[in-house]
Amino acid sequence: MERPLEATRMEKSTSCFLMERKTRVKTSWKEIVLAKLRKSCSYSPRKLKNFVMDFLPVLRWLPKYQCKEYIWGDVMSGLVIGIILVPQAIAYSLLAGLKPIYSLYTSFFANIIYFLMGTSRHVSVGIFSLISLMVGQVVDRELILAGFDLNDDAPPVLGDGSLQSDSQSNTTVFNLTAGGMNAECGKECYAIGIATALTFVAGVYQVLMGVFRLGFVSMYLSESVLDGFATGASLTILTAQVKYLIGIKIPRSQGHGMLVITWINIFRNISQANICDVITSAICIVVLVAAKELGDRYKHKLKFPLPTELVVIVVATLVSHYGNLNEVYGSSVSGAIPTGFIAPEVPRFNLMLRVAVDALPLAVVSFVFTVSLSEMCAKKYAYTIRANQEMFAVGFCNIIPSFFHSFATSAALAKTLVKTSTGCQTQVSGVISAMVVLLVLLFLAPLFYSLQKCVLACIIIVSLRGALRKFRDVPARYHANKVDTVVWVVTMAASALISTEVGLLVGIVFSMICIIVRTQRPRTALLGQIQDTSFYEDDLEYENLSSIPKVKIFRFEAPLYYANRNYFLKSLYRLTGLDPNLEAARRKKYEKKEKQHMKKEDHTTANGLGGGDTTLQLVPKQIDFQTLIVDCSSISFLDTTGVNTLKEILKDYKELNISVLLACCNPAVIDSLKRGGYFGKDFGSMQEMLFYSIHNAVQFAQDQKLPEDCSV
C-alpha cells in the first residue's frame with residue numbers, strides 16, 4: 001500500500017518538501033469487538049482481585065491509612081458534618097414530602113456506601129435540597145393521582161370517604177388500587193413506596209450509565225445550565241417553605257407554574273398567618289443569617305464552622321415543648337419520629353413503571369453534581385478520581401438504600417465545603433458522620449417531637465443563600481459572556497416558572513441551540529500582515545497591518561458544514577467585495593451587449609453612417625486581487641457540503657482567473673478534501689493549492705512559478 005505524499009512550500013525557501021503521512025492500520029470493528037470480549041471474559045485470579053478492588057476502592061486505600069496523620073481531621077470533620085446533617089436531614093424531609101425518619105435513613109446508608117465505593121476523599125454524599133425537591137414533586141404528583149390529600153395536617157381519607165382521627169393517621173390503612181398496585185397502604189406508606197421506587201430506578205440508570213460508560217452525558221450540562229437550574233430550583237424550594245414560615249395551610253401546588261400558583265395562594269391566605277410561627281421564623285432567620293455571616297467573615301480563625309443549625313433546633317425544641325406552642329398557639333410541629341430501623345422491603349415494580357421517566361433527570365442531576373464536586377476536590381488537593389467509579393458509587397448509594405426506606409442522594413456543595421474546611425483527609429469522615437446519624441436514629445429521634453416546622457423551613461431557606469446570591473453575579477456574568485448569561489436566565493426562569501425537570505431540559509436544549517447558532521454565524525475576517533513578520537491578523541481588530549497587493553486572506557472561525565455554508569459564502573463575498581457568480585453574469589451580459597454593439601456599428605458603417613452616437617459605456621468591474629487565500633486554521637472539520645462549497649468557490653473564482661489557495665489545514669480537513677476530489681484524481685496539483693502556513697501561500701501567490709525541482 002502506497003503512503004500518500006503531501007507537498008508544501010516552507011517559509012523563505014524555494015523548494016518543496018514532501019510530507020509523508022503515516023500509514024493507518026485499519027482494524028475491522030468485528031476484530032475490535034471480539035478482542036474486547038476476549039479481554040472482558042477472560043479469567044485470572046489477578047484480574048478478579050483487581051476487579052473487586054476497583055469496585056470497592058476502600059480495599060486499596062484503607063490498608064494504607066495513616067492513622068496518626070489522618071484520624072484527627074477525619075473525626076473532627078465527621079462529627080461536624082454529622083451534627084449539621086441531622087437538622088438538615090429532618091428539614092429536607094419537608095421538601096421530599098416524607099417523614100423525617102426516612103431522611104435520617106438516607107443520610108446513614110449513603111455515607112456508609114460511599115465510604116466503600118467512592119473515590120473522592122472529601123465529597124459529602126447524602127441529603128441534597130435539589131434532589132429532595134425533585135423527589136418530593138414526584139411523590140406529591142403520585143399521591144394526588146392516588147386520591148390522597150396533600151395537606152400535611154389533614155387526616156387521610158379512608159376508602160369510604162370518611163376521615164381518620166389524628167391519632168390513627170399513621171397506622172390505619174385502606175385498600176388502594178393505583179397503577180397496578182393492589183395492597184393495603186396509607187398515605188405515608190404509599191409516599192415512601194413512590195420515593196423508593198424512584199430512587200431504585202434512578203440508581204439503576206446510573207449503574208447502566210457506568211457500565212456503558214455514558215458519563216459524557218454530563219458534558220451537555222454546562223456550568224451556566226447547572227447554575228441556572230440550581231437557582232431556579234432554589235426559588236421553588238423557597239416558595240414551598242413560605243407556608244411553613246408563616247404557619248398558613250394552603251394546598252400544595254403541582255405541575256407547571258407551581259411557583260406562581262403557590263404565591264397567589266400565599267397572598268390570598270396571608271391573613272390566616274400564625275403569629276407564633278411568624279415570630280419564631282423571624283428570630284431563627286436572624287440568628288442563622290447572622291451566624292452564617294460571622295462564620296464567613298471569620299472562617300480563617302475558626303477551627304470548624306459553628307453548629308448553628310443544631311443550636312437553633314435544640315433551643316427551639318425546648319421552647320416549643322415547655323411553652324406548649326402546638327397546643328396553645330396551634331403551631332405545626334414535626335411529630336413523632338420513631339427510633340430504630342424498619343424491616344427492609346423490595347421497591348415495588350409496578351410503581352417503578354410509573355416513575356421510570358421521572359428517574360432519568362434525577363439520575364443525571366445526581367451524578368453530575370457528585371462528579372463535579374469530586375473533580376473540584378481532587379483538583380484542589382492533588383489526587384485523582386475515577387468518574388466511572390463515581391457513577392457506580394452514587395448509583396449504589398441509591399439502589400441499596402432504596403431497600404431500607406431511603407430516597408435519592410447526591411453530593412452536596414455546602415457540606416463538602418465544610419468537610420474540606422474542617423480537616424477531612426479520607427472517606428473515614430463519612431463513617432463518623434453516619435455514626436452520629438445512627439445515634440440519633442437509635443436514641444435521640446423522639447426528642448424532636450415538638451420541633452416546629454417553621455424552624456426547619458428557616459434552616460432550608462438560609463441554606464439557599466449561596467444559590468440565591470447568583471443573582472448578584474448576573475452583571476459580572478453578562479460582562480464576561482453574554483450568551484452564557486442568557487442561557488443562565490432561560491434555565492433559571494424555566495426551572496422556577498415551569499418545573500425543575502422541564503427547566504433542566506429547556507436549559508440543555510437552549511444551550512445546544514446557542515452552540516449551533518455560534519457555529520452557524522461565526523467570526524469571519526480579512527487578514528493583514530504584521531509588519532516585518534510572517535504573521536497575519538484580523539485587519540479590523542489591529543492597527544498598522546499591511547495589506548498584500550493582489551491578495552485577499554479570508555479567515556473562517558468555525559467548522560464548515562451544511563448549517564453554515566451560506567453564511568461562509570456571504571461573508572466571503574462581502575469581505576472581498578466580489579461575488580464571482582454575479583461578476584460572471586455581469587461579464588456575460590457585457591460580452592453579449594458588446595457583440596450587439598459591434599453588430600450595430602458594422603451595420604451603420606455599411607450604410608455610411610457614423611457610429612459615434614451609439615458607443616456603449618459598458619466596462620466590467622475591476623477586480624483588485626488575483627489570489628484568494630482561505631485560512632483554515634479554525635476549520636476543525638468539513639462535511640460533504642463543506643467540501644463541495646470549497647470546490648464551488650475554486651471553480652467560480654477560476655472562471656475569473658483568481659487562484660484559490662488553502663492554508664493551515666489540519667490532517668482531518670486534508671483527508672476530507674482528498675476524499676471529496678478537491679485536488680483532482682491524482683492529487684497532482686496539491687502542492688499548488690495547499691500550504692502549511694499563510695505566509696507560504698502569500699509567497700507562492702507573489703511568485704506564481706513553481707521551482708523546477710518541486711514535483712511529486
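Among contacts between residues at least 6 apart in sequence, 79% join residues at least 24 apart in this protein. The model is a predicted one. Its secondary structure amounts to 26 helices and 13 strands, and 48% of the 712 residues count as buried.

**Packing of H8 with H20**

- Helix H8 spans residues 223-246, and helix H20 covers residues 482-497.
- The axes of H8 and H20 lie 7 Å apart, and the two helices pack at an angle of about 30 degrees.
- Angles under 35 degrees count as roughly parallel, and H8 and H20 are therefore roughly parallel to each other.
- The crossing of H8 and H20 is right-handed.
- On the H8 side, the contact is made by Ser224, Val225, Asp227, Gly228, Phe229, Thr231, Gly232, Ala233, Leu235 and Thr236.
- H20 contributes Asp484, Val487, Trp488, Thr491, Met492, Ser495 and Ala496 to the contact.
- By residue class, the contact of H8 with H20 divides into 8 nonpolar, 7 polar and 2 charged residues.

**Serine 224 within H8**

- Serine 224 is part of helix H8 and belongs to the residues that form the contact with H20.
- With a relative accessibility of 7%, serine 224 counts as buried, because the cut-off for buried is under 20%.
- The side chain of serine 224 reaches the backbone oxygen of aspartate 484 at 3.5 Å.
- Not counting residues up to four places away in sequence, serine 224 touches Arg477, Asp484, Val487 and Trp488.
- Asp484, Val487 and Trp488 are also listed among the H20 residues of the helix contact.

**Packing of H7 with H14**

- Helix H7 (residues 187-211) and helix H14 (residues 387-402) have axes that come within 7 Å and cross at roughly 155 degrees.
- Since angles over 145 degrees count as roughly antiparallel, H7 is roughly antiparallel to H14.
- The crossing of H7 and H14 is left-handed.
- From H7, the contact involves Thr196, Thr199, Phe200, Gly203, Val204, Gln206, Val207, Met209, Gly210 and Val211.
- From H14, the contact involves Asn388, Met391, Phe392, Val394, Gly395, Phe396, Asn398, Ile399 and Ser402.
- The residues of the contact of H7 with H14 comprise 10 nonpolar, 9 polar and no charged.

**Lysine 550 in strand E10**

- Lysine 550 lies in strand E10, which covers residues 550-556.
- The relative accessible area of lysine 550 is 43%, which means that this residue is partly exposed.
- Between the C-alpha atoms of lysine 550 and isoleucine 623 the separation is 8.9 Å, while the two residues are 73 residues apart along the chain.
- Leaving aside neighbours within four places in sequence, lysine 550 is in contact with Ile623, Asp624, Phe625, Gln626 and Thr627.

**Loop residues with positive phi**

- Histidine 405 has a positive phi of about 60 degrees although it is not a glycine.
- Histidine 405 is located in the loop between H14 and strand E6 (410-411).
- At 9% relative accessibility, histidine 405 counts as buried.
- Asparagine 657, likewise not a glycine, has a positive phi of about 60 degrees.
- The loop that holds asparagine 657 runs between helix H24 (640-654) and strand E12 (659-663).
- Asparagine 657 is exposed, with a relative accessible area of 68%.

Technical notes:
Residues are numbered from 1 along each chain as its sequence is written. This is a predicted model: local features need pLDDT of at least 70, side-chain atom pairs count only at pLDDT 80 or more; totals for chains, interfaces and linings use all residues. Side-chain values use heavy atoms; hydrogens and water are left out. Helices (H or I, at least four residues) and strands (E, at least two) are DSSP runs, numbered from the N terminus. Buried means under 20% relative accessible area, exposed over 50%, partly exposed in between (1.4 Å probe, protein chains only). A polar contact is a pair of N or O atoms within 3.5 Å; within protein, one must be able to donate a hydrogen and the other to accept it, and residues adjacent in sequence count only if both atoms are side-chain atoms. Contact means heavy atoms within 4.5 Å. Axes are lines fitted to C-alpha atoms, for helices over the stretch in contact, and angles run from 0 to 180 degrees between N-to-C directions. Angles under 35 degrees count as roughly parallel, over 145 as roughly antiparallel, 65 to 115 as roughly perpendicular and the rest as oblique. A crossing is left-handed if the near helix is turned anticlockwise from the far one by less than a right angle, and right-handed if clockwise. Ala, Val, Leu, Ile, Met, Phe, Trp, Tyr, Cys and Pro count as nonpolar, Asp, Glu, Lys and Arg as charged, and the others, Gly among them, as polar.
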